[in-house]
Amino acid sequence: MAEDLELDKNSPESEDEGKTAKKAKTDDKKGSKKAGKKNKKGIVKFFKDAKAEFKKVVWPGPKETTRNTIVVLIVCILAGALVFGVDSLFGLLNNLLFR
């Protein structure tokens, strides 16, 4: 295999391959620059699209926000009371059974 490499260095085909390899390296550099620009364009497009979507959002008014906040608080209090009640019941049964 080493002999093949030495022969290839002296052949005219190897010069063409060397030029092709150099061209591939420069193409890689150009490709990475294009990829960087494309990536930046993608980020800019993302933020433009996000801004457009935020304009489509229908934000709730103060009355609706207040009403929803009250509903959430009431549900949280009821869920807490239910958990407290079940915990107290199991605690009472535990004391009665394991005394």
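What percentage of the 99 residues of the chain counts as buried? The share is 2%, where buried means under 20% relative accessible area, exposed means over 50% and partly exposed lies in between (1.4 Å probe, protein chains only).

The structure is a predicted model, in which local features need a pLDDT of at least 70 and side-chain atom pairs count only at pLDDT 80 or more, whereas totals for chains, interfaces and linings use all residues. Residues are numbered from 1 along each chain as its sequence is written, and side-chain values use heavy atoms, with hydrogens and water left out.

**Confidence and fold**

The mean pLDDT of the chain is 79, and 62% of the residues score at least 70; pLDDT is the predictor's confidence in each residue, on a scale from 0 to 100. The chain contains three helices and zero strands, in the order α-α-α from the N terminus. These elements are DSSP runs numbered from the N terminus, a helix being H or I over at least four residues and a strand being E over at least two.

**Surface**

The accessible surface of the chain is about 9,900 Å², and carbon and sulfur atoms account for 66% of this area. Such areas come from the Shrake-Rupley method with a 1.4 Å probe; for residues, only the protein chains shown count as cover.

A nonpolar surface patch is formed by Leu82, Val86, Leu89, Phe90, Leu92, Leu93, Leu96, Leu97 and Phe98, which together have about 990 Å² of accessible area. Patches consist of residues with over 30% relative accessible area and no salt bridge; like charges are joined within 9 Å and nonpolar side chains (Val, Leu, Ile, Met, Phe, Trp, Tyr) within 5 Å. One member of the patch, Leu92, is located in helix H3. Leu92 counts as partly exposed because its relative accessibility is 49%.

**Side-chain pairs**

Two salt bridges are found in the whole structure, each defined as a side-chain nitrogen of Lys or Arg within 4 Å of a carboxyl oxygen of Asp or Glu.

| Salt bridge | Closest N and O atoms |
|---|---|
| Asp49 and Lys45 | 3.0 Å |
| Lys56 and Glu53 | 3.3 Å |

Asp49 and Lys45 are both in helix H2 (residues 12-56), four residues apart, about one turn of the helix. Lys56 and Glu53 also both belong to helix H2, at three residues apart, again about one turn. Asp49 is partly exposed, at 37% relative accessible area. Lys56 is exposed at 60%, whereas Glu53 is partly exposed at 45%.

Rings of Phe, Tyr and Trp (its six-membered ring) pair if their centres lie within 6.5 Å; planes under 30 degrees apart count as stacked, over 60 as edge-to-face and the rest as tilted. The count is one aromatic pair. Phe46 and Phe47 form this edge-to-face pair, with 5.3 Å centre to centre and 75° between the planes. Phe46 is exposed, with 53% relative accessibility, and Phe47 is exposed as well, at 54%.
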